[in-house]
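User: Please take a close look at the nonpolar core of this model and at the aromatic rings in and around it.

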Amino acid sequence: MASTSAQSEGAELGRYLRARRTRTSPDHVGLTVGTGIRRTPGLRREELATLSGISIDYYVRLERGKETRPSPAVLDSLARALRMDDQEHQHLRELAARAARYVSDPPPAPSRTVRPHLKLLLESLRPNPAYVISRSMDLLAWNPGGLALYSGLDDWPAKHRNLARYLFLHPAARDLFPDWDRQITACVARLRALAGTAPDAPDLAGLVGELLLKSPEFAGLWERYEVTGRKPALKTFHHPQVGTITLTSQSLHVEGTPGQRIGVYTAEPGTPDHDALLLLDLTAPSRQPSGSSHPAPHTQ
């Protein structure tokens, strides 16, 4: 079991190296190539091995998942040769560490329970749209604007509401985001980084498997193996109820939780964007819990 697991984790490390190698042009790393036709996209294996100062045979073993314990020096050399940024370099280290640990059993799916005080926090943030999402982007709790901002998401059952699934599979998503291509690229990069270090986690595996089957755009981006998607601080929505609004987004990790994060959108008071948030909050459906006169955040 340990040997099989090690090969599986080594294969993930190899897939990442292969994806980065085939997307790195010789010009980008300062190599001069001849005028003949190159059948290999990006760098050849022997070119990357030479740039990294390792043998071709050793690099081939890495890429094929047969070598699972590269030294920190080898990882650093590969990262430099492939011009990785800090986040990509760290992802490479995490994949190598996982391969070396021989992890055999997939971790259980994290709890979806949202603490009561977090639900109160969402309510206190109104009229700013806010929600709690899981590490795999399941919407776990929200205030009225937090759900209504994603037009049409409330059409789906609560347990089906996932922001990645929404971006790729909901027909309203392409109209909602004028920069939809940028949004989906950042989304896949985030899931790729997470799945690379927990490839067998059931919450991630199920979502990725579904999107690979149902979305050609997701499948194409998944194959690229980018892990550094950067979301802009400002995000524009073409919302069918309140018009075009540009909001500042902020994501906060919730300490002591299994990867849960709070997402909040804000606008400067007195601006048309803030007025649109007020309208969205006022018109969004909200439920009244029994025995309370205050609307409560929705939760699954």
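Analyst: Of the 43 residues in the largest nonpolar core, those that touch the most other members are Tyr 150, Tyr 166, Phe 168 and Leu 191; such a core is a set of buried Ala, Val, Leu, Ile, Met, Phe, Trp, Tyr and Cys residues joined through side-chain atoms within 4.5 Å, where buried means under 20% relative accessible area, with a 1.4 Å probe and protein chains only. This is a predicted model, in which local features need pLDDT of at least 70 and side-chain atom pairs count only at pLDDT 80 or more, while totals for chains, interfaces and linings use all residues. Residues are numbered from 1 along each chain as its sequence is written, and side-chain values use heavy atoms, with hydrogens and water left out.

Helix α10 (residues 180–197) gives this core its largest share, 6 residues. Leaving aside residues up to four places away in sequence, Tyr 166 touches Tyr 150, Ser 151, Leu 153, Trp 156, Ala 172, Ala 173, Leu 176 and Phe 177, a contact being heavy atoms within 4.5 Å.

Turning to the rings, those of Phe, Tyr and Trp (its six-membered ring) pair if their centres lie within 6.5 Å, and planes under 30 degrees apart count as stacked, over 60 as edge-to-face and the rest as tilted; by this rule there are 11 aromatic pairs. The rings of Tyr 16 and Tyr 225 have centres 4.7 Å apart and planes at 50°, so this pair is tilted, and both Tyr 16 and Tyr 225 are buried. For Phe 168 and Trp 180 the centres are 6.5 Å apart and the planes at 65°, so that pair is edge-to-face. Finally, ring pairs join Tyr 131, Tyr 150, Tyr 166, Phe 177, Phe 237 and Tyr 265 into a cluster.

Terms used. Buried < 20%, exposed > 50% of the residue type's maximum accessible area, 1.4 Å probe, protein only. Helix = DSSP H or I, 4+ residues; strand = E, 2+ residues; numbered from the N terminus.
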